[in-house]
Amino acid sequence: MFRLRRFLKDYKLQLIIGPICKLIEAIFELLIPLITADIIDNGVRNNDVGYVLQKGGLMVLLGALGLGFALVCQKSASIASQGFGTKVRNAMFRHINTLSHSELDKIGTPSLITRMTNDINRLQLAVAMLIRLVIRAPFLVIGALIMAMLIDVRLSLIFFGASLLIALVLFVVMNRSVPFYKKIQKKLDAVSLISRENLSGNRVIRAFSRQKNDEERFDKSNNELAETAVAAGRLSALLNPLTYVIAQAAIIGIVWFGAGVVFVGELKTGEIIALVNYMTQILLAMIVVSNLVVIFTNASASASRVNEVFDTVPSVIEKSDACPVTDSKAPCIEFRDVSFGYQGGGHAIKNISFKIDRGSTVGIIGGTGSGKSTLVNLIPRFYDATIGEVLVEGVNVKEYSFSELRGKIGIVPQKAELFSGTIRENLRLGKKDASDEEIERALKISQAYEFVEELPEKTDKMISAGGRNLSGGQRQRLTIARALVAQPGILILDDSASALDFATDAALRKALHEETKGMTVIMVSQRVGTVRYADKIIVLDGGELAGIGTHNELFRSCEVYKEICLSQLRAEEVEN
């Protein structure tokens, strides 16, 4: 947690005022038993109502002042803790956006969500308790011991013995329960993962009638979380009974031995009551300390998880000050002996070399897992090549800033991802000031214009998160339109027409050919019909380059491409 203190630098005033106010409240609380003893010994014993009312009024005043200081502390704690949480979330969100796909894959989306919500909430609570109770509770324990010594040194030995025993109980119980709190966080990640998979893949689960299986899977993970939490709870549950037993035994000892001291006249009745009150204060303060230990143990585990995200260094480093000089005569895109492998696996693509001319249309085809998507993801630097170079306009992609490189590229991923908001807002994602004419043109090229025009709200139609209120084909066409609105120099369609019927797919390819003159188009697909009319076709097989050429050339010379063609088309169709 100490490493996260930088997020509290704007709340130094609250960090100072809050504990001071709580300290003053604690001082008032320590004075109350002395005043009570005074009322009993000098007011009640002498039947002096005026004295009782006078000292009673002083107690009310101290209580009111203590309440005022407590409220100031509470407000300071709220400002600092909520501000701290907001800053940590903002910083983590910004840092996550700097991570490449490799790091995001490694940590996992469910875990990141849990860290940004549950873990930071625990840190907020720890900051609030730091201001409100960390100084107050120990001060009450020490103060009560000192006040007991001022009343009677001999009886104060009972206080010391009880305090040491309570502290020992706290140490043993908390030392054994700390590991459980760390396990709870991991179990919570597992529950979040299953919940997210169930919610995002709910249609698939229902389509295969796997609700029961998913419920059992969730129950198992949830029960494991519950069992771990119960195990921690059992240990924590020992705190209150044991501390109360020790404290009550100490109170009995004070009353027992105190009675003899009162009998011989060395102490007054009120002072014995004051000692009992101080013992009660110590008990309550120790219980607060035990709760603080739980809170800070949880916060420590959460801080480790938050720091793990901050410590994750992106593998794809941006050159923010880069301003490379492009070569107008160089190919638009060039791969030079490129190999790449995901973490924990072998090479997804191996020794790939090819060139793509400016303004050309290139198709990339291959079987499932052949490396098609991996290949195109290296162009906008979602990943960095393990070996070799990827060049755009004659410059290594590593020399560009992200904004400059990705400003040249419009990419439509395999999964059509839309965001909550209107169609117009989604289409302007790549170009905030896009005019209605530019949006209309993009919709027409992507074959989305017709269905958008039929909507009552047209481009003001609200889209739910993920585009759930649209069909798969509609989502794909809108994501293509979104890429076209930005008018990129390079357009990558990563199997983004898979949900379109053949007629719409053909119309889309025709519109792209006629309306995107000068734009370099890369079409990734498993359909021969989608890539057969491209200027060049790149065939991948098992991550390796199986062939490059036109449709007719590859059909004659590339066995892999020929097999793909004959699996989808009749022999006479292939020749046409």
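Modeller: Fine. This is a predicted model. In it, a polar contact of 2.4 Å joins the side chains of Arg424 and Asp460.

Colleague: Where is Arg424 found?

Modeller: Arg424 is in helix H13, which covers residues 423–427.

Colleague: And which residues is Arg424 in contact with, leaving aside its neighbours within four places in sequence?

Modeller: Asp436, Ile439, Thr459 and Asp460.

Colleague: Switching to salt bridges. How many are there by the rule used?

Modeller: The count comes to 22. One of them joins Glu389 and Arg336, with the closest N and O atoms 3.5 Å apart. That pair links distant parts of the chain: Glu389 is in strand S4 (residues 387–392), Arg336 is in strand S1 (residues 333–341), and they are 53 residues apart.

Colleague: Does Glu389 count as buried, partly exposed or exposed, and why?

Modeller: Glu389 counts as partly exposed because its relative accessibility is 32%. Arg336 also counts as partly exposed, at 37%.

Colleague: What does Glu393 form a salt bridge with?

Modeller: With Arg358, the closest N and O atoms being 3.8 Å apart. This pair also links distant parts of the chain, 35 residues apart: Glu393 sits in the loop between S4 and strand S5 (395–396), and Arg358 in the loop between strand S2 (347–356) and strand S3 (361–366). Glu393 is buried, with a relative accessible area of 15%, whereas Arg358 counts as partly exposed at 37%.

Colleague: Are Arg381 and Asp384 buried or exposed?

Modeller: Both are buried. Their side chains meet in a salt bridge of 2.7 Å, N to O.

Colleague: Which residues are linked in a network of salt bridges?

Modeller: Lys22, Glu25, Glu29 and Arg136.

Colleague: Now helix H16. How many of its 14 residues are buried?

Modeller: 13 of the 14, so H16 is largely enclosed by the rest of the structure.

Colleague: What span should H16 have at 1.5 Å a residue?

Modeller: Its 14 residues (472–485) should span 20 Å, and the end C-alpha atoms are 20 Å apart, so the two agree. Just after H16, Gln487 takes a positive phi of about 50°.

Colleague: Last topic, the surface. Which residues form a nonpolar patch there?

Modeller: Leu165, Leu168, Phe171 and Val172, with about 390 Å² of accessible area together. Val172 is placed in helix H6 (residues 153–200) and counts as partly exposed at 37% relative accessibility.

Note on methods:
Residues numbered from 1 in each chain as written. Predicted model: local features only at pLDDT ≥ 70, side-chain atom pairs only at ≥ 80, totals over all residues. Heavy atoms only, no water. Helix = DSSP H or I, 4+ residues; strand = E, 2+ residues; numbered from the N terminus. Polar contact = N/O pair within 3.5 Å; in protein donor to acceptor, adjacent residues only side chain to side chain. Contact = heavy atoms within 4.5 Å. Expected span 1.5 Å × (residues − 1). Buried < 20%, exposed > 50% of the residue type's maximum accessible area, 1.4 Å probe, protein only. Patch = residues over 30% accessible without salt bridge, like charges linked within 9 Å, V, L, I, M, F, W, Y side chains within 5 Å. Areas by Shrake-Rupley, 256 points an atom, 1.4 Å probe, with all protein chains shown as cover. Salt bridge = Lys/Arg side-chain N within 4 Å of Asp/Glu carboxyl O.
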